[in-house]
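I opened a new notebook page for this model. My notes follow the order in which I looked things up.

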Amino acid sequence: MNKLSLEFTGDRRKNVDREINYFIKGNKKGRFNYHKISSLKLPIGSGAVER
């Protein structure tokens, strides 16, 4: 993703960098550990929230 970011300039690059940072921060906080959450039988995704 960082290589992709280098291909853009201006606002587009700023948007790509923002999204990259979202995934980096979320991963550090354990938000994307779907395997672990699934093994704990916890709901995953928006469906559980929308019910």
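Which residue forms a salt bridge with Arg-13? I found Asp-17, with the closest N and O atoms 3.8 Å apart. I count a salt bridge when a side-chain nitrogen of Lys or Arg is within 4 Å of a carboxyl oxygen of Asp or Glu.

**Ground rules.** I am working with a predicted model, where local features need pLDDT of at least 70, side-chain atom pairs count only at pLDDT 80 or more, and totals for chains, interfaces and linings use all residues. I number residues from 1 along each chain as its sequence is written, and side-chain values use heavy atoms, with hydrogens and water left out.

**Salt bridges.** The count comes to two salt bridges by this rule. I looked at Arg-13 and Asp-17 again: they are four residues apart in helix 2, so about one helical turn separates them. I take helices as DSSP runs of H or I, at least four residues, numbered from the N terminus. Arg-13 is partly exposed at 30% relative accessible area, and Asp-17 is partly exposed at 28%. My cut-offs are under 20% relative accessible area for buried and over 50% for exposed, with partly exposed in between (1.4 Å probe, protein chains only).

I then noted a salt bridge between the side chains of Glu-19 and Arg-18, at 3.1 Å, N to O. Glu-19 is partly exposed at 36%. Arg-18 is also partly exposed, at 49%. As background, side chains of opposite charge can pair when their charged atoms come close.

**Helix 2.** I traced helix 2 over residues 10-28, which makes 19 residues. From first C-alpha to last it reaches 27 Å, close to the 27 Å expected at 1.5 Å a residue. That expected span is 1.5 Å times one less than the number of residues.

Which residues of helix 2 are buried? I listed Val-16, Ile-20 and Gly-26. Seen down the helix axis, they fall within an arc of 130°, so they line one face of helix 2. The arc is taken from the directions from the helix axis to the C-beta atoms. On the face turned away from that buried side I found the exposed residues Gly-10, Asp-11, Lys-14, Lys-25 and Lys-28. After helix 2 comes Gly-30, with a positive phi near 80°.

**Helix 1 side.** What covers the buried residues of helix 2 includes helix 1 (2-6). I picked Ser-5, which sits in helix 1. Ser-5 is buried, at 2% relative accessible area. Leaving out residues up to four places away in sequence, Ser-5 touches Arg-13, Val-16, Asp-17 and Ile-20. I call a contact when heavy atoms are within 4.5 Å.

**Met-1.** I placed Met-1 in the segment before helix 1. Is Met-1 buried or exposed? I read 59% relative accessibility, so Met-1 counts as exposed. Beyond its neighbours within four places in sequence, Met-1 is in contact with Ile-20 and Phe-23. Met-1 and Asp-17 are 16 residues apart in sequence, and 8.8 Å apart in space, C-alpha to C-alpha.

**Gly-45.** I ended in the loop between helix 3 (34-39) and helix 4 (46-50), where Gly-45 lies. Gly-45 is partly exposed, at 48% relative accessibility. Gly-45 and Tyr-34 are 11 residues apart in sequence and 9.7 Å apart in space, C-alpha to C-alpha.

Terms used
Helices (H or I, at least four residues) and strands (E, at least two) are DSSP runs, numbered from the N terminus.
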